[in-house]
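Welcome! Please take a moment to look over the sequence and the 3D structure before reading on.

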Amino acid sequence: MTQEGLEKFIIKQGWSMFGIVPFEVARKNLEKHEKVFQKWIENGFGADMDYLKKMQKDRYHPERKLADVKSVIVLGANYYSGDNSRDNSEDNRPINGPNNSPFNCGKVARYARGRDYHKILKKKLIELSDFLKFENPQAETYVSVDSRPSVDRVLAECAGLGFFGKNTCIIDPSRESFFFIASVLTNLDLKPTEVRHMPNCGDCQKCINFCPTGALVAPGVLDARKCISYLTIENKGGIPENLRSKIGNRIFGCDACQEVCPFNVGRAHKQQITIDKLKLEYGKGDCLDLCEIFLIKSDDEFTKKFAGTPLMRAKRRGLLRNACVVAGNSGNTMLIPHLEQFIKSTSDEMLAEHATWAILKLKNLK
Ligand code: B12
Ligand code: SF4
Ligand code: SF4
């Protein structure tokens, strides 16, 4: 297999960027970052994401997954789908919903607007792995995107896809930071891609200053317990009352620390989504109608509506909880009867408490 052949295959698959790094280089970085991770967990910044701690050894020691690993191919897939009226960083403003219905729309973070990237990208990784095996019958591989044990950002940094910003995201200085990261470990001795010179954030602090909940507690350090992305997606319980107003109209995930980043402003929209299924039209788009969410009566109904999209991760209970918070923040008193009806229909105390909070907030009693 020629390097050119491999690169052509990757480009044809639609990846926006890629890099190849010798495992030995990655190993040293992983060693350093394992200590950072350890401290992060000890500080409680990982919130309830116990799976991260459980997977620690497998994540930071890829040789446990592929004993003879020699190279790592790291791939990036852009997911930025352009801006519209709902994409602004003053997210406490109420916004119109579909068909211009007044102020009843919850904003979905950009990464979750299309089809579930785990499935789409994993399929591509398997094709890439098959290609390597076809060209080199002795090839062995281990593929990963997000949920498998892998430290995606550290691998991306090592392979030259970008640098760690103070918002903790990997930023490609010649593009932006709205891209997914995936990787293939292989026992093949591949030629590394050129080392790119990377800038850093310099004196900028915008992400830290603009984070609605103060979750970036120091440059490059995120406290997930305060992060809207964690609170609206991974968190299985209630949302602390003192943070609810700060969530604004974000019903699933948060992009604020990327939206304000000078590496993205005025540049991200120039990027294309090159893997079709990541486009808005293959998922639920940028906005969820709150009234529709309140009417989802069962987990089956929820699955029918959201199967195949990243929104499944919050489950029906999580999305209803988030919808209550966004309703409370909307300023739209027309949502009060929907919330009252919802309280009558639910036996879930946590949800009823969030809906009650929303009603009081809309009546200016909170
Ligand atoms: C757990 C997790 C979360 C958690 C915790 C986030 C976090 N920052 O750790 C929550 C649920 C909050 C989350 C949110 C999001 N996530 Co997430 N998440 C993950 C996951 C599964 C693990 C991340 C991890 O290992 N964290 C451990 C901590 C210690 O690492 P860290 O916060 O990144 O910190 C690093 C830097 O700060 C750096 N560092 C250390 N000291 C210093 C000092 C300075 C000055 C600097 C600059 C850096 C620096 O070292 C640390 C790593 O060792 C990865 C996928 C994976 N398998 O790796 C996706 C991943 C990181 N998430 C991703 C995305 C897209 C998001 C969201 C944008 C989604 C959204 N819109 O809501 C937000 C972004 C929020 C943010 N600012 O990070 C992408 C990021 C792509 C990219 N270009 O960076 C990943 C890689 C998934 C993927 N495969 O594409 N996520
Ligand atoms: S995702 Fe939102 S809440 Fe989390 S650190 Fe970034 S700006 Fe703050
Ligand atoms: S907003 Fe500024 S400090 Fe934050 S990641 Fe972007 S360049 Fe770095």
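Does lysine 315 count as buried, exposed or partly exposed? With 16 C-beta neighbours inside 10 Å, lysine 315 counts as partly exposed. The cut-offs are these: a residue is buried if 20 or more other C-beta atoms lie within 10 Å of its own, exposed if 12 or fewer, and partly exposed in between, with C-beta atoms placed from the backbone. This is a predicted model, in which local features need pLDDT of at least 70, side-chain atom pairs count only at pLDDT 80 or more, and totals for chains, interfaces and linings use all residues. Residues are numbered from 1 along each chain as its sequence is written, while chains are lettered from A and ligands numbered from 1 in the order in which they are written.

**The four-stranded sheet**

- Four strands form an open sheet in the order β1-β2-β7-β4, with antiparallel pairing; strands (E, at least two residues) and helices (H or I, at least four) are DSSP runs, numbered from the N terminus.
- The edge strands are β1 (17-22) and β4, and each of them pairs on one side only; two strands pair if DSSP finds at least two bridges between them.
- On average, neighbouring strands of this sheet are turned by 15 degrees against each other, direction ignored. Axes here are lines fitted to C-alpha atoms, for helices over the stretch in contact, and angles run from 0 to 180 degrees between N-to-C directions.
- Helix α2 packs on the sheet, where it touches β1 and β2, and its direction makes about 90 degrees with that of β1. Contact between two residues means that their C-beta atoms, placed from the backbone, lie within 7 Å.
- Helix α5 (residues 117-135) lies across β2, β4 and β7 and runs at about 160 degrees to β4.

**A look at strand β7**

- Eight of the eight residues of β7 are buried.
- Phe179, Ile181, Ser183 and Leu185 point one way from β7, and Phe180, Ala182, Val184 and Thr186 point the other way.
- Strand β2 (residues 71-78) pairs with β7 in the antiparallel sense over eight bridges. Valine 74 has serine 183 as its bridge partner in β7, and serine 71 has threonine 186.
- Strand β4 (residues 141-145) also runs antiparallel to β7, and five bridges join them. Here serine 144 stands opposite serine 183.

**Strand β3 and its partners**

- Both faces of β3 (residues 105-108) are covered: Cys105 and Lys107 lie on one side, Gly106 and Val108 on the other, and all are buried.
- Three bridges join β3 to the antiparallel strand β11 (residues 287-289), with cysteine 105 opposite aspartate 289.
- Two bridges join β3 to the parallel strand β10 (residues 250-252), with lysine 107 opposite arginine 250.

**Around ligand 1**

- Which residues come nearest to ligand 1? Of the 39 residues around ligand 1, they are Ala109, Asp152, Gly220, Ser229 and Gly253. A residue is near a molecule or strand if its C-beta atom, placed from the backbone, lies within 6 Å of it.
- Two or more residues of this shell come from each of α2 (23-42), α6 (152-158), β7 (179-186) and α8 (228-234).
- The shell divides into 24 nonpolar, nine polar and six charged residues. Ala, Val, Leu, Ile, Met, Phe, Trp, Tyr, Cys and Pro count as nonpolar, Asp, Glu, Lys and Arg as charged, and the others, Gly among them, as polar.

**Helix α15**

- Helix α15 (residues 349-362) has 14 residues and reaches 20 Å from its first C-alpha to its last, close to the 20 Å expected at 1.5 Å a residue. The expected span is 1.5 Å times one less than the number of residues.
- Leu351, His354, Ala355, Trp357, Ala358, Ile359 and Leu362 are buried in α15.
- What covers the buried residues of α15 includes α9 (241-247), α13 (315-330) and α14 (336-345).

**Residues to look up**

- Most residues other than glycine have a negative phi.
- Lysine 315, found in helix α13, has a positive phi near 60 degrees.
- Asparagine 364 lies in the segment after α15 and has a positive phi of about 60 degrees. Asparagine 364 is exposed, with 8 other C-beta atoms within 10 Å.
- Histidine 269 sits in the loop between α10 (256-259) and β11 and counts as partly exposed, with 15 C-beta neighbours inside 10 Å.
- The C-alpha atoms of histidine 269 and glutamate 176 are separated by 9.3 Å, and these residues are 93 residues apart along the chain.
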